[in-house]
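Dear colleague,

Please find below the structure that I am handing over to you, together with its sequence.

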Amino acid sequence: MSDAAVLRRGNPIGDITALRADFPILEERVHGKPLVFLDSAASAQKPVQVIDAMAGAMRAQYANVHRGLHWMSERTTEAYEGVRDKVRVLINAPSREEVVFTRNSTEAINLVAHSFGSLLKPGQAVLISEMEHHANIVPWQMLRDRAGIELRVAPVTEAGELDLEAFAALLADGRVGLVAITHMSNVLGTVTPAARIVALAHEAGARVLLDGSQAVVHRPVDVQALGADFYVFTGHKLYGPTGIGVLWARRELLDAMPPFMGGGDMIGTVSFERSTWAELPHKFEAGTPAIIEAIGLGAAIDYVQSIGLDRMQAHEAELTEHALRRLDGIDGLRVVGRAAERGGVISFTMENAHAHDVATLLDRGGIAVRAGNHCAEPLMRRLGLSSTARASFGVYNTVEEVDVLADSLDRVRGFFA
Amino acid sequence: MCWPTAWTGSVASSPDTVLSEANAVPDGASLYRELVMTRARRPERAGALDDADGEGSGTNPLCGDTVQVWLRRGPDGLVQDARHRTRGCAICAAAADLVADAVVGKDAGAFALLERRFGTMLQDGPEALSMGDRGAIGFLLALGDLHEYPSRRKCALLPFSAVRQALVHRPGEPDGGAG
Ligand SMILES: Cc1ncc(COP(=O)(O)O)c(C=O)c1O
């Protein structure tokens, strides 16, 4: 029996054909070929449960939240606030008031850089790593230039893991106020030792923000077990809609932080002389929020919970293991990043072929992968690359699709050899 | 059109031949036609010019591709020789070589006209060009299928901007390296 057949029989998420039927887009054809979607790390496809929840709200149960005393507004407020509870459970946050809705991970990190950043003093430092997404680099550079703090960068090893020794050394002088680090790399697939990072940082008196944009999609996350101070993620990678993201932070931090944006919904009272701030979490949610999108995120959380993130993790681990084995068998193909602990994101280069050409040829076969610097230019420079192609797996991907990718890459290699 | 056998041959004994066949990419070649691949693999105008009187370069920040161009003009102001150093995808590399060919014998005005015609071809497809314009575009017509690949058009446009710059910048002048 082939490896593929063995893997297929014991699929950890059960009937993958039935699961795929939840995602209408997977029926589409691209250039006349069945869509093989291997770009979920950029943004995941949406199950019908999410689509219906959003459309259903707009059809039958919609009004602005937190304001109207009428029936529709009350029901919509319940639905919107109910999603906060779902997020709390998803990441095991201690309380719902600590869950702040944002537009995406990028906005959540900017919120922390602005509000928590304003509490840092010149001479203090923010410590990031070499494998951050631009979203977890640029806000800290802007804070550095605004507030006179220092920005430190912890190196990654050749294997693509965080260099923990160097990381600890960068904490040693006690001047780091915040460590902001990815929980899972969107380029290398590396899962960082978050609990260890937090322990080291706390020992040195630093707070820790974990960028969970990738991690939360691929494995169960428990912010209390990790010991984190801030955790951010973005809805559209978790099979939810765009326009909704999450910042979780410890209550005492949110209490101490000034608001990010001003406007309606985030105030207690307003006069022209002064305003007071609303209770948590509303202090950080100025203006009419992304109501429909939040409801979609709630449906997405229900969806992944119904499958089980542990089973999703096992499924993607099988796909990743199979993919690494197949890709390693292709001459001239090099997988970039060899972390021991990793998720379903695989970057690779091909001898004599540019990542964009590889991606274009795969696309003509209906296979969607990403090519480029993956919003991580400094990491690319560190690895001595200008771009890679990247295949990333979602809950709906199959071993057969991995084989299609590998077979096609073998042909592409023949073409550019 | 010429496809290496690796593309057209049947799939090896994969257990999932059916899906594999369905996703085989025989028409993926339309963009990568022979002239494009030949010029990408073995550029005819690669290298620098020692006696250049014009120099330009460009970088595509999205993919990091870079093109450097050197030109030498004659007493009549027309380009006599053009060379380039390109680090990029096959489309960018082939375009750089073909554009370096095309600029020879032209001045800035004639090159601008060529660039406008090329832009029309990318935007509206090769059919949108008159017979005369097709003739004027010459071998660059090989990149006509880019019309169907909007995300790849910038790869072919990068050498144009480097040459445009070389037509106004002398070597070593400030601004010569902006992209
Ligand atoms: C690790 C990581 N951080 C942050 C982001 C930014 O997410 P968003 O664009 O939704 O804010 C991404 C998504 O590309 C990511 O992969």
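**Findings**

A:N352 is placed in the loop that runs between β14 (345-350) and α14 (355-364) of chain A. Its phi is near 65 degrees, a positive value in a residue other than glycine. The relative accessibility of A:N352 is 59%, so this residue counts as exposed. Please bear in mind throughout that the model is a predicted one.

**Confidence in the model**

How far does the predictor trust each chain? For chain A the mean pLDDT is 94, and 98% of its residues reach 70 or more. The stretch to treat with care there is residues 1-9 of chain A, where pLDDT stays under 50. For that stretch the model has 14 contacts beyond four places in sequence.

Chain B has a mean pLDDT of 83, with 80% of its residues at 70 or more. Within chain B, confidence is lowest in helix α1 (residues 5-8), at a mean of 30, and highest in strand β3 (residues 79-87), at 97. The pLDDT is below 50 over residues 1-18 of chain B, a stretch with 33 contacts in the model beyond near neighbours in sequence. The scores for the model are ipTM 0.76 and pTM 0.89.

**Chain A as a whole**

Chain A contains 16 helices and 17 strands. Its C-alpha trace spans about 70 × 55 × 35 Å along the principal axes. A compact globule of 417 residues would have a radius of gyration near 22 Å, and chain A has 22 Å, so the two agree. Of the 417 residues in chain A, 58% are buried. Among contacts in chain A with a separation of 6 or more, 71% join residues 24 or more positions apart. The accessible surface of chain A comes to about 15500 Å², and carbon and sulfur atoms account for 52% of it.

The UniProt record, an unreviewed entry, places the feature "domain: Aminotransferase class V" at residues 36-405 of chain A.

**Individual residues in chain A**

Is A:R390 buried or exposed? A:R390 has 0% relative accessibility, and because buried means under 20%, this residue counts as buried. A:R390 lies in strand β17 (residues 388-392) of chain A. Leaving aside neighbours within four places in sequence, A:R390 is in contact with several residues, including A:L38, A:D39, A:N186, A:F348 and A:H374. By contrast, A:V232 is 158 residues from A:R390 along the chain, and their C-alpha atoms are separated by 23 Å.

A:Y239 also deserves a look. A:Y239 is not a glycine, although it has a positive phi of about 70 degrees. The residue lies in the loop between β9 (230-234) and β10 (245-249) of chain A. A:Y239 has 0% relative accessibility and therefore counts as buried.

Where in chain A is A:P281? A:P281 is in the loop between β12 (275-277) and α12 (291-307). The peptide bond leading from A:L280 to A:P281 is cis, with omega near -5 degrees.

**A residue that touches both chains**

A:H356 is found in helix α14 of chain A. Its relative accessibility is 8%, so A:H356 counts as buried. Which residues does A:H356 touch, not counting those up to four places away in sequence? In chain A they are A:A371 and A:G372, and in chain B they are B:Y32, B:C63, B:C89 and B:R152.

**A helix in chain B**

Helix α4 (residues 90-103) of chain B has 14 residues. From its first C-alpha to its last, this helix reaches 20 Å, close to the 20 Å expected at 1.5 Å a residue. Why can α4(B) be called largely enclosed by the rest of the structure? The reason is that 13 of its 14 residues are buried. After α4(B) comes B:G105, whose phi is positive, near 90 degrees.

With kind regards

Technical notes. Residues numbered from 1 in each chain as written. Chains lettered and ligands numbered in written order. Predicted model: local features only at pLDDT ≥ 70, side-chain atom pairs only at ≥ 80, totals over all residues. Heavy atoms only, no water. UniProt positions renumbered as here; feature names shortened; annotations may be inferred. pLDDT = per-residue confidence, 0-100. Helix = DSSP H or I, 4+ residues; strand = E, 2+ residues; numbered from the N terminus. Contact = heavy atoms within 4.5 Å. Expected span 1.5 Å × (residues − 1). Buried < 20%, exposed > 50% of the residue type's maximum accessible area, 1.4 Å probe, protein only. Rg over C-alpha atoms; globule rule 2.2 N^0.38 Å. Areas by Shrake-Rupley, 256 points an atom, 1.4 Å probe, with all protein chains shown as cover.
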